[in-house]
Amino acid sequence: MLSVIYDKKEKLKLSETSLPKINEDEALVKVDVCGVCGSDLVKIKNSLVPEGTVLGHEIVGTIIEVGSQIKKWTPSQKVVVAHHVPCLNCYFCKSSNFSMCSQFKSTNITPGGFSEYIKLSKAHLEQTVFLVPKSTVSDHEVALTEPLACCLRAVQRTGVTSSNSVLICGLGSIGIMLGKLCIEKGAYTFGTDLLKERIDFAKEMLAIHDGYPANSQEMKSWILNKTDGRGADIIFLASGSEKSLLTSLSYVRSGGKVVVFSSIPKEEGFFNNEIYYRELTIMGSYSPSPLALKEAYQMIITEKIKLKKIITDIVSLKELPKEINKCFGNKSVKMIVET
Ligand SMILES: [Zn+2]
Ligand SMILES: [Zn+2]
């Protein structure tokens, strides 16, 4: 079968790989579409995975074959799949820190979504695989289940309400999803990005009420003006910029929350006294719970949230090694690979 593998020199490269063999409690799935995630880009850019790794985890596919022990699933069913599976029994799972569970961290899809076929383990089939009904919503949109679930869980953990003001820093696909979810909660939602066209696009997508360029000197006075001089109640950092945590401290109100939602190449240190004297809450959120996956999936298939327009690029598996450069150049909001 064909896969796109990570290669140090070429970044991504098309390669012939062997078809996964399934055990009695596993299933073989033909990948139909797979989203390109910001975390895939970080791994490629910073060489965080071994050569030959197949990335891609935002998958919609069709079951081809199931092992003899699998009763719940049958061939030809269309499914949406998430890659990490929490055990639900450990201390972390019971404390709702699912992404800290050791099973969560060790489970993954074999080989990965940038491939013609994948196999799913028993744990995946039980918890992080959902049947996709025939509907007007495309596979491409359903593939946004996992990133939307990451955003949904982060928004829920902040406890955002209609009396809050929210600032989203970074208006890529994740920033847009976060914004739409906060607006749905009734919060007054602002956005900032280095690229003006992304601010305009986020407004058009109804993901922010208003926006301002990130590198502008007046950004701070703009956000203070919008929030009666206090600063935003909640800030989501979704830009991947090294300076975003530091600058967010001048945009957040005292007693407010900053949610770190992306990794950065280099740590810039932390800000003890600002956090202490201004009683700030700085929290991280990076992966979904099975419950958030289910909820995100329902929102997409019932069209409670409409995300079709954020899919700016649909490419074939063969084109992916070349087309991925569009993502690195910030020329694509969301790229979906068809296999
Ligand atoms: Zn993802
Ligand atoms: Zn666990």
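## Fold, core and local backbone features of a predicted model

Residues are numbered from 1 along each chain as its sequence is written, and chains are lettered from A and ligands numbered from 1 in the order in which they are written.

Along its principal axes the C-alpha trace spans about 65 × 40 × 40 Å. The secondary structure comprises 13 helices and 15 strands, where helices (H or I, at least four residues) and strands (E, at least two) are DSSP runs numbered from the N terminus. Among contacts between residues at least 6 apart in sequence, 66% join residues at least 24 apart, a contact being a pair of residues whose C-beta atoms, placed from the backbone, lie within 7 Å.

The protein is divided into domain 1 (2-144 + 307-338) and domain 2 (152-284), with bounds that come from an automatic or database domain assignment. Their C-alpha centres lie 29 Å apart, and eight residues of domain 1 are in contact with 10 residues of domain 2.

Buried residues make up 45% of the 339 residues; a residue is buried if 20 or more other C-beta atoms lie within 10 Å of its own, exposed if 12 or fewer, and partly exposed in between, with C-beta atoms placed from the backbone. The largest nonpolar core has 92 residues, and those with the most contacts inside it are C151, L178, I235 and F236; such a core is a set of buried Ala, Val, Leu, Ile, Met, Phe, Trp, Tyr and Cys residues joined through C-beta atoms within 7 Å. Helix 6 (residues 145-158) gives the most to this core, with seven residues, and the core draws at least three residues from each of domain 1 and domain 2.

At 1.5 Å a residue, its 14 residues should span 20 Å, and the end C-alpha atoms are 20 Å apart, which agrees; the expected span is 1.5 Å times one less than the number of residues. Helix 6 is followed by G159, whose phi is positive, near 70 degrees.

S262 is placed in the loop between strand 12 (252-260) and helix 11 (272-277), and is buried, with 21 other C-beta atoms within 10 Å. Leaving aside neighbours within four places in sequence, S262 is in contact with G38, G170, L237, A238, S239 and G240.

Most residues other than glycine have a negative phi, and most peptide bonds are trans.

| Residue | Phi | Other C-beta atoms within 10 Å |
|---|---|---|
| S47 | near 50 degrees | 11, exposed |
| L206 | about 60 degrees | 14, partly exposed |

S47 is found in the loop between helix 1 (38-45) and strand 4 (58-66), and L206 in the loop between helix 8 (196-204) and strand 10 (210-213). The peptide bond from T110 to P111 is cis, with omega near -5 degrees.

Notes: This is a predicted model: local features need pLDDT of at least 70, side-chain atom pairs count only at pLDDT 80 or more; totals for chains, interfaces and linings use all residues. Two residues are in contact if their C-beta atoms, placed from the backbone, lie within 7 Å.
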